[in-house]
Amino acid sequence: MAGVPRPRLSRAVEAQEAVKEIIVRRGLVAGDPLPTESELMEELGISRNSVREALKALQAVGIVDIRHGFGMFVGRMSLAGLVDELAFHSRITLLDGRNHLQHLVEIREILETGLVQRLIDLGPSDMSAVAEVMARMEAEAAAGEVSPEIDRLFHDVLYRPLGNPLVSQLLGAFWDVYYQLRGHLGAPDESPADVARRHGDIYAAVLAGDKAAAVRAVGAHFDGVRNRLARLRPDH
């Protein structure tokens with residue numbers, strides 16, 4: 001509505017925006033040094049407390065990396081804050097019919113269904129890293145347990161040929177939420193051999209360039225998680 005003044009930002013919020021503007025204006029990238037507190041105070045014309053409050057807020061979201069004894073730097077993108085928030089809200093809704101974790105699993109399945117088709121569209125690529133991970137997974141399954149680390153690594157290396165660094169970070173964030181809550185989901189329905197086989201089906205479909213088989217394999221991969229979540233519903 002015309003004529004209505006916009007609410008004034010707090011000094012700390014103004015400082016946050018000003019620091020982000022400095023990063024953009026100077027063309028700084030992850031790892032580059034930032035001005036000191038004193039330099040920011042002088043450049044922005046605000047108090048030390050406001051500068052520190054702003055820097056702490058930016059550190060919490062990964063924009064600023066404060067290394068005590070070394071200085072301040074442009075941070076590397078992190079989804080840690082998002083993971084913590086999603087894990088918390090998923091945990092408090094596990095049993096009340098508003099299961100956020102179920103929604104997250106659905107989103108991840110949709111994402112991977114699209115990614116695996118995109119990977120096949122890309123054409124033949126070097127799958128040696130995936131083959132190595134599959135060999136390690138099958139060895140673990142034969143020993144009686146597939147580790148969370150090797151499971152996560154499979155998805156990471158599978159989509160690397162896409163050349164999109166956000167894919168790894170997003171899938172990693174979903175995985176971290178699930179891993180934090182795994183103790184609330186009860187025992188898995190799948191045996192280690194089943195886990196390895198379902199990952200192997202995805203790998204085989206990609207190698208064959210078979211989109212339909214790849215989509216089915218991704219869906220089957222998430223069946224175990226869906227079954228565990230279904231047991232948590234109030235009507236079960």
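Predicted model: local features only at pLDDT ≥ 70, side-chain atom pairs only at ≥ 80, totals over all residues.

Reader: Which residues of α6 are buried, and what arc do they cover around the axis?

Author: The buried residues of α6 are V130, V133, M134, M137 and A141. They lie on the same side of α6, because the arc they cover around the axis is only 105°.

Reader: Which exposed residues does the face of α6 turned away from its buried side carry?

Author: A residue counts as exposed when its relative accessible area is over 50%. On the face of α6 turned away from the buried side, the exposed residues are E132, A142 and A143.

Reader: Is V133 buried or exposed, and with which residues is V133 in contact, leaving aside its neighbours within four places in sequence?

Author: V133 is located in helix α6. Its relative accessible area is 3%, and V133 is therefore buried, the limit being under 20%. The C-alpha atoms of V133 and F154 are separated by 6.0 Å, although the two residues are 21 residues apart along the chain. Leaving aside neighbours within four places in sequence, the contacts of V133 are I150, L153, F154 and V157.

Reader: How many Å apart in space are A193 and M137, C-alpha to C-alpha?

Author: A193 belongs to helix α9 and is partly exposed, with a relative accessible area of 48%. M137 is one of the buried residues of α6. Along the sequence A193 and M137 are 56 residues apart, while in space their C-alpha to C-alpha distance is 9.2 Å.

Reader: Which residue follows α6, and what is its phi?

Author: The residue that follows α6 is G144. Its phi is positive, near 115°.

Reader: How far does α5 reach from its first C-alpha to its last?

Author: Helix α5 has 23 residues, for which 33 Å is expected at 1.5 Å a residue. The reach from the first C-alpha to the last is close to this value, at 33 Å.

Reader: Why does E109 count as buried, and with which residues is E109 in contact, leaving aside its neighbours within four places in sequence?

Author: E109 is found in helix α5 (residues 100-122), where the buried residues also include R108 and E112. The relative accessibility of E109 is 18%, so E109 counts as buried, for which the limit is under 20%. Leaving aside neighbours within four places in sequence, E109 is in contact with V218, G219, F222 and R226.

Reader: Which residue follows α5, and what is its phi?

Author: Helix α5 is followed by G123. The phi of G123 is positive, near 95°.

**Helices α10 and α11**

Reader: At what angle do the axes of α10 and α11 cross?

Author: Two packed helices are described by the angle between their axes and the distance between the axes. For helix α10 (residues 211-221) and helix α11 (residues 223-230), the axes come within 4 Å and cross at roughly 35°.

Reader: Which residues make the contact of α10 with α11, and how many are nonpolar, polar and charged?

Author: From α10 the contact takes G219, A220 and H221, and from α11 it takes D223, G224 and R226. By class, these are 1 nonpolar, 3 polar and 2 charged residues.

**The whole protein**

Reader: How many helices and strands does the protein have, and what percentage of its residues is buried?

Author: Along the sequence the protein follows the pattern α-α-α-β-β-α-α-α-α-α-α-α-α, which comes to 11 helices and 2 strands. Of the 236 residues in the protein, the buried share is 36%.

Key: Residues numbered from 1 in each chain as written. Heavy atoms only, no water. Buried < 20%, exposed > 50% of the residue type's maximum accessible area, 1.4 Å probe, protein only. Axes fitted to C-alpha atoms, helices over the stretch in contact; angles between N-to-C directions. Contact = heavy atoms within 4.5 Å. Nonpolar A, V, L, I, M, F, W, Y, C, P; charged D, E, K, R; others polar. Arc of directions from axis to C-beta. Expected span 1.5 Å × (residues − 1).
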